[in-house]
Amino acid sequence: MSVIGNLLWIIFGGGLVIAFWYFVTGLLLCLTIIGIPFGYQLFKLAGLSLLPFGRTIRSIPTASGCVSLVFNITWILIGGIWIALSHLIFALLCAITIIGIPFAAQHLKLMELSLTPFGKEFD
């Protein structure tokens with residue numbers, strides 16, 4: 001079922017476009033040394049936004065919890081809030097129709113990861 005959902009997501013949900021822009025922005029951020037951790041998080045977002053159905057996001061316990069907290073706060077202040085709000089708007093637009101409800105759920109999943117991506121992974 002997740003294969004069909006992912007195919008429909010790529011075609012109708014804008015998954016390919018979203019993943020492309022996350023990937024390009026991640027490449028641009030990786031051109032600077034300071035931007036590499038943030039570019040890596042955008043690569044994670046690109047991977048999840050390409051095929052979100054059947055994947056779950058989970059927090060990982062890390063030894064660098066304080067670093068993750070500082071990076072998440074920086075991420076939110078720099079642009080994470082805007083990415084999360086855009087996914088919320090897309091989720092609300094998708095939830096208008098019954099067919100779009102699964103896409104809305106995936107946008108909410110992406111919103112969770114785009115708000116605080118450090119210290120999280122998906123499988």
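View 1. Ile81, Trp82, Leu85, Leu88, Leu92, Leu108 and Leu115 make a nonpolar surface patch of about 630 Å². Two elements give two or more residues each: α4 (65–94) and α5 (101–115). Helix α4 gives the most, with five residues. Patch residues have over 30% relative accessible area and no salt bridge; nonpolar side chains (Val, Leu, Ile, Met, Phe, Trp, Tyr) are joined within 5 Å, like charges within 9 Å. A salt bridge is a side-chain nitrogen of Lys or Arg within 4 Å of a carboxyl oxygen of Asp or Glu. Areas come from the Shrake-Rupley method with a 1.4 Å probe; for residues, only the protein chains shown count as cover. Helices (H or I, at least four residues) and strands (E, at least two) are DSSP runs, numbered from the N terminus.

This is a predicted model, in which local features need pLDDT of at least 70 and side-chain atom pairs count only at pLDDT 80 or more, while totals for chains, interfaces and linings use all residues. Residues are numbered from 1 along each chain as its sequence is written, and side-chain values use heavy atoms, with hydrogens and water left out.

View 2. Leucine 115 is placed in helix α5. Its relative accessibility is 31%, so leucine 115 counts as partly exposed. The classes are buried (under 20% relative accessible area), exposed (over 50%) and partly exposed (in between), with a 1.4 Å probe and protein chains only.

**View 3. Asparagine 72 in helix α4.** Helix α4 holds asparagine 72. This residue is buried, at a relative accessible area of 11%. Leaving out residues up to four places away in sequence, asparagine 72 touches Thr116, Pro117 and Phe118. Contact means heavy atoms within 4.5 Å.

**View 4. Aromatic rings around phenylalanine 38.** Rings of Phe, Tyr and Trp (its six-membered ring) pair if their centres lie within 6.5 Å; planes under 30 degrees apart are stacked, over 60 edge-to-face, and the rest tilted. By this rule there are 10 aromatic pairs. The rings of phenylalanine 38 and phenylalanine 71 have centres 5.5 Å apart and planes at 50 degrees, so this pair is tilted. Phenylalanine 38 is in helix α3 (residues 36–50) and phenylalanine 71 in helix α4, so the pair ties together parts 33 residues apart in sequence. Phenylalanine 71 is partly exposed, at 28% relative accessibility. Phenylalanine 38 is buried, at 14%. Phenylalanine 38 also pairs with phenylalanine 118: centres 5.5 Å apart, planes at 85 degrees, so the pair is edge-to-face. Phenylalanine 118 sits in the loop between α5 and β2 (120–122), 80 residues from phenylalanine 38. Both of these residues are buried. Ring pairs link Phe38, Phe71, Trp75 and Phe118 into a cluster.

**View 5. Leucine 113 in helix α5.** Leucine 113 belongs to helix α5. Its relative accessible area is 0%, so leucine 113 is buried. Not counting residues up to four places away, leucine 113 touches Lys44, Leu45, Leu48, Ile57, Lys120 and Phe122.

**View 6. The largest nonpolar core.** This core has 19 residues. Trp9, Tyr22, Leu45 and Trp75 have the most contacts inside it. The elements giving two or more residues are α2 (15–30), α3, α4 and α5. Helix α3 gives the most, with five residues. A nonpolar core is a set of buried Ala, Val, Leu, Ile, Met, Phe, Trp, Tyr and Cys residues joined through side-chain atoms within 4.5 Å.
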